[in-house]
Amino acid sequence: MKKILSLALLALVLLTAVSCGKAPTAEEIRPTLEALVEASYEINDIFFGEGLPAIERDSEYAIKNHVYYMDEGGNYDYVTPDCPYQTTDEIKAAAEKVYSSGYLASIYETSFIGVADPNAGMLYARYLDTDDGLKKSNLHKAIITAKRIYDFDSMAVVKPSGTDYVNIEIDSHTEGSSDVLRIRLTLVNENGEWRLDTPTY
C-alpha cells in the first residue's frame, strides 16, 4: 500500500511540475500581450461598448429601402451592411482569437442567448441572427466608454505562472485620465496559442 501511495504521490508531483513548468519572461510574452490587448479593444466595444453599427430607423437608407417596414418599434435594429461582422459566428470567431473559451462562455450567454435576472427581469440577447441579417439590441447601453491604455514597459510576470498560464501585473490608465492603476492580466495557452483570460477594459 505504501508503495502504491508513493507512486501516486510521485505521479502527482511530476504532473504538477509539467503543468506548471517555466513561465515565459516578460520580454518573451510582451509582443503577444501587446497584440492581444490591441485586438481586445474592438471585441470589448462589440460586447460592452457601443456595439456594432446599426441602421438608424429614421435614416434615409432605412426609409428608402423599407428596412423596418414590418418592424416598427422593435427592440432590435439591423447591423449596417458594411459592418465586417454579419453573423454571430463571425463575432465569435473574432472574439476567440483574443479571449479564452472560459472567459467568453458567460459573455456568449448574455450576448447571444439572453438571461433571466430575478431582479432586473429578462436581459435580452444583444445580437440575434435572423433570416434578414444580424440584429443588434437597442436596449443595451454602453458599459465601457473609454479605452484603457497599458504601459508595457512596466509589465512583470508574477506568480503563479507556468507554461500554460501567465499572470502579468502592469500599469494602466483610461483615456483622458492620468490616474495610474496597476492591474493583473492573465493569459492562458489554448491549443498552443495564448489568449486573454481577463478583460482589458
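Visitor: In which strand is the place of threonine 186?

Guide: Threonine 186 has its place in strand S8, residues 181-190, where a strand is a DSSP run of E with at least two residues, numbered from the N terminus. This is a predicted model, in which local features need pLDDT of at least 70, side-chain atom pairs count only at pLDDT 80 or more, and totals for chains, interfaces and linings use all residues. Residues are numbered from 1 along each chain as its sequence is written, and side-chain values use heavy atoms, with hydrogens and water left out.

Visitor: Why is threonine 186 called buried?

Guide: Buried means under 20% relative accessible area (1.4 Å probe, protein chains only), exposed means over 50%, and partly exposed lies in between; threonine 186 has a relative accessible area of 14%, so it is buried.

Visitor: What is threonine 186 in contact with, leaving aside its neighbours within four places in sequence?

Guide: Contact means heavy atoms within 4.5 Å, and on that basis threonine 186 touches Val166, Asn167, Arg195, Leu196, Asp197 and Thr198.

Visitor: Why is strand S5 described as largely enclosed by the rest of the structure?

Guide: Of the five residues of strand S5 (residues 133-137), four are buried, so the strand is largely enclosed by the rest of the structure.
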